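Q: Please give me a close look at one part of this model. Keep it brisk, and give the cut-offs for the terms you use.

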Amino acid sequence: MKKKTIRILLSLALCVMVMTTFSVTAFAAGDVAGAIEQTWNTAKGQVQTVVNNVVFPVVDMILAILFFVKVGTSYFEYRKHGQFEFAAPCILFACLIFTLTAPLYIWTIL
């Protein structure tokens with residue numbers, strides 16, 4: 001039992017020595033917040049262009065397809081069961097309107 005405890009302590013000491021040997025302390029030199037803000041200001045135009053021209057249209061297209069598919073399936077369920085479910089098509093339509101109008105106001109929020 002004693003040999004096992006000694007081995008565990010030696011292994012632990014070896015791990016601590018290896019970690020302290022290979023760890024590097026990083027100190028920030030200068031104004032980090034200013035550097036991040038300057039980088040964001042430089043890239044902000046490109047990010048806005050990509051999001052407005054690529055991301056939002058892709059999300060709009062996916063939501064439009066989902067909306068029309070859900071309206072179609074809801075109609076067929078109405079014909080089968082006699083009850084039309086409004087919740088899912090309404091949620092998809094609201095999300096579609098939100099993403100269609102988001103480029104107009106999202107950049108003033110951010």
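A: Thr73 has 33% relative accessibility, so Thr73 counts as partly exposed (the class between buried, under 20% relative accessible area, and exposed, over 50%, with a 1.4 Å probe and protein chains only). Thr73 sits in helix α2 (helices are DSSP runs of H or I, at least four residues, numbered from the N terminus). The model is predicted: local features need pLDDT of at least 70, side-chain atom pairs count only at pLDDT 80 or more, and totals for chains, interfaces and linings use all residues. Residues are numbered from 1 along each chain as its sequence is written, and side-chain values use heavy atoms, leaving out hydrogens and water.

Stay with α2, residues 32-81. Thr73 and Ala35 are 38 residues apart along the chain, and their C-alpha atoms are separated by 52 Å. From Val58 to Trp40 is 18 residues in sequence and 24 Å in space, C-alpha to C-alpha. Other positions in α2 are buried: Val51, Phe56, Asp60, Leu63, Ala64, Phe67 and Ser74.

Now the shape of α2. A straight helix of 50 residues would span 74 Å at 1.5 Å a residue (the expected span is 1.5 Å times one less than the number of residues). Between its end C-alpha atoms, α2 spans only 62 Å. There is also a kink of about 45 degrees, centred on Ala43 (the bend is the angle between axes fitted to the seven residues ending at a residue and the seven starting there).

The partner to compare is α3, residues 87-109. Helices α2 and α3 pack at about 165 degrees, with their axes 8 Å apart (axes are lines fitted to C-alpha atoms over the stretch in contact, and angles run from 0 to 180 degrees between N-to-C directions). The two helices are therefore roughly antiparallel (over 145 degrees; under 35 is roughly parallel, 65 to 115 roughly perpendicular, the rest oblique). Their contact holds 20 nonpolar, four polar and two charged residues (Ala, Val, Leu, Ile, Met, Phe, Trp, Tyr, Cys and Pro are nonpolar; Asp, Glu, Lys and Arg are charged; the others, Gly among them, are polar).

Helix α3 is kinked as well. A bend of about 65 degrees lies at Ala102, shortly before the proline Pro103. A straight helix of 23 residues would span 33 Å, but α3 spans only 29 Å between its end C-alpha atoms. Buried residues in α3 are Pro89, Leu92, Leu96, Thr99 and Ala102. Thr101 is in α3. At 32% relative accessibility, Thr101 counts as partly exposed. Thr101 and Met61 are 40 residues apart in sequence, yet 14 Å apart in space, C-alpha to C-alpha.

Helix α1, residues 2-22, makes a contrast. Its 21 residues should span 30 Å, and its end C-alpha atoms are 30 Å apart, which agrees. Of those 21 residues, zero are buried, so α1 lies largely in the open.
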